[in-house]
Amino acid sequence: MSKQKTMELAVAQLGAINLTDSKASVVARLIAMLHEAKSRGAEFVVFPELALTTFFPRYWMTQEEAQEKYFEQEMPNQTTQPLFDEAKKLGLGFYIGYAELTRDGHAFNTAILVNNAGELIGKYRKIHLPGHDDHKPDAPFQHLEKKYFEVGNLGFRVFESQGAKFGMCICNDRRWPETYRVMALQGAEIIVLGYNTPSVNIHWNEPSYLRTYTHLLTLQASAYQNAVWVAAAAKCGSEDGHHMFGSSVIVAPTGEIVARTISEDDEVICAKIDLSVGEFFRLNMFNFAKHRRPEHYNLMVERTGVGEPLPFDHEKAWGV
């Protein structure tokens with residue numbers, strides 16, 4: 001194994017943000033967690049998806065109403081500048097998610113990467129949008145990400161900052177194996193993400209415990225299979241009576257959880273992570289250059305949905 005390369009990594013989980021909570025009050029909470037992370041030695045902080053507002057896709061409204069109340073046209077802006085200023089003052093880099101409205105009118109579920117000098121160095125727009133775009137008045141709440149957001153158009157990119165290579169994704173992206181592999185093939189060492197995950201699945205009767213189980217399963221398996229650290233931050237708790245689960249975690253390339261929240265409130269977890277652990281796996285078990293066989297994976301990009309089995313070459317197999 002090469003020389004140890006460490007980073008103090010923090011995940012800052014947010015408790016509920018209700019409809020009456022202002023963005024300024026949320027920014028004050030984020031700043032308080034920055035200070036806690038710094039007091040515990042952190043160098044980089046991971047905040048949740050849509051970290052400035054309630055999870056508004058649960059409500060049916062017009063596109064114009066949603067964009068007026070919940071979207072940001074600039075980042076930083078007047079409301080969020082204090083967060084950027086304080087992070088720079090403390091020497092902390094961070095990841096944060098928000099609803100983005102571009103200058104030409106496109107709407108995305110977005111996350112940004114900011115280095116410890118306060119510079120924006122990366123942006124990601126959510127690709128795997130869950131939910132629906134039609135009104136379901138009989139459902140206990142809506143899940144309208146497909147209504148309010150467009151599919152992300154920046155792809156999965158990797159950015160170098162503070163001596164590490166970071167990849168980003170958001171919420172439902174974490175459940176898709178392609179997400180991690182594309183970034184691992186770019187040398188990602190840490191994948192950071194935020195999520196807002198309802199405890200109730202409105203599409204089928206999924207037990208609530210299973211929601212948390214599959215959340216952890218995908219993070220742990222993906223960290224191991226791609227030799228990366230994964231840091232995942234929830235926004236959770238009961239937002240105006242609608243519950244989202246917590247279980248924010250930092251996962252090692254071994255697949256082991258090294259830190260996990262125990263509440264559904266504002267909570268900071270920290271870990272001193274050793275990036276050389278991932279390097280060890282990349283040189284051995286998951287040495288992509290040595291062991292991957294992409295010529296046999298073509299179907300993964302040729303098809304979106306399930307189709308018929310591929311034709312079998314009997315002559316090649318049996319010599320007949």
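These legends accompany close-up views of pockets and salt bridges in a predicted model.

**Figure 1. The largest pocket and its lining.**
Rolling a probe the size of a water molecule over the atoms shows where empty space is left. The largest pocket holds about 600 Å³ of space. Its lining is made up of 16 residues, and Glu178, Val182, Tyr297, Met300 and Val301 are those nearest the centre. Helix H5 (177–184), helix H6 (208–226) and helix H9 (299–302) are the elements that each give two or more residues to this lining. H5 gives the most, with four residues. Sorted by class, the lining of the largest pocket comprises seven nonpolar, five polar and four charged residues.

**Figure 2. The second largest pocket.**
The volume here is about 260 Å³. Around the second largest pocket are 19 lining residues, of which Pro130, His143, Asn172, Thr197 and Arg211 lie nearest its centre. By class, six of the lining residues are nonpolar, eight are polar and five are charged.

**Figure 3. The salt bridge between Glu239 and Arg58.**
Side chains of opposite charge can pair when their charged atoms come close. The whole structure has 13 salt bridges. In one of them, the side chains of Glu239 and Arg58 meet, with 2.9 Å from N to O. Glu239 belongs to strand S11 (residues 237–239), while Arg58 sits in the loop between strand S2 (44–46) and helix H2 (63–70), so this pair ties together parts that are 181 residues apart in sequence. Glu239 has a relative accessible area of 0%, so Glu239 is buried. Arg58 is also buried, at 4%.

**Figure 4. The salt bridge between Glu100 and Lys123.**
The N to O distance in this salt bridge is 2.8 Å. Because Glu100 is in strand S4 (residues 93–101) and Lys123 is in strand S6 (residues 120–125), the pair ties together parts that are 23 residues apart in sequence. Lys123 counts as partly exposed, with 30% relative accessibility.

The closest N and O atoms of Glu206 and Arg211 are 3.1 Å apart, and the two residues form a salt bridge. Glu206 is buried at 12% relative accessibility, and Arg211 is buried with a relative accessible area of 11%. Arg211 is also among the residues that lie nearest the centre of the second largest pocket.

Terms used. Residues are numbered from 1 along each chain as its sequence is written. This is a predicted model: local features need pLDDT of at least 70, side-chain atom pairs count only at pLDDT 80 or more; totals for chains, interfaces and linings use all residues. Side-chain values use heavy atoms; hydrogens and water are left out. On a 1 Å grid over the protein atoms alone, a cavity is a set of points where a 1.4 Å probe fits but cannot get out, and a pocket is an open set with protein on both sides within 12 Å along at least five of seven lines; lining residues have an atom within 4 Å of a point. Grid points are joined across faces, edges and corners, and a volume is the space filled by probe spheres set on the points. Ala, Val, Leu, Ile, Met, Phe, Trp, Tyr, Cys and Pro count as nonpolar, Asp, Glu, Lys and Arg as charged, and the others, Gly among them, as polar. A salt bridge is a side-chain nitrogen of Lys or Arg within 4 Å of a carboxyl oxygen of Asp or Glu. Buried means under 20% relative accessible area, exposed over 50%, partly exposed in between (1.4 Å probe, protein chains only).
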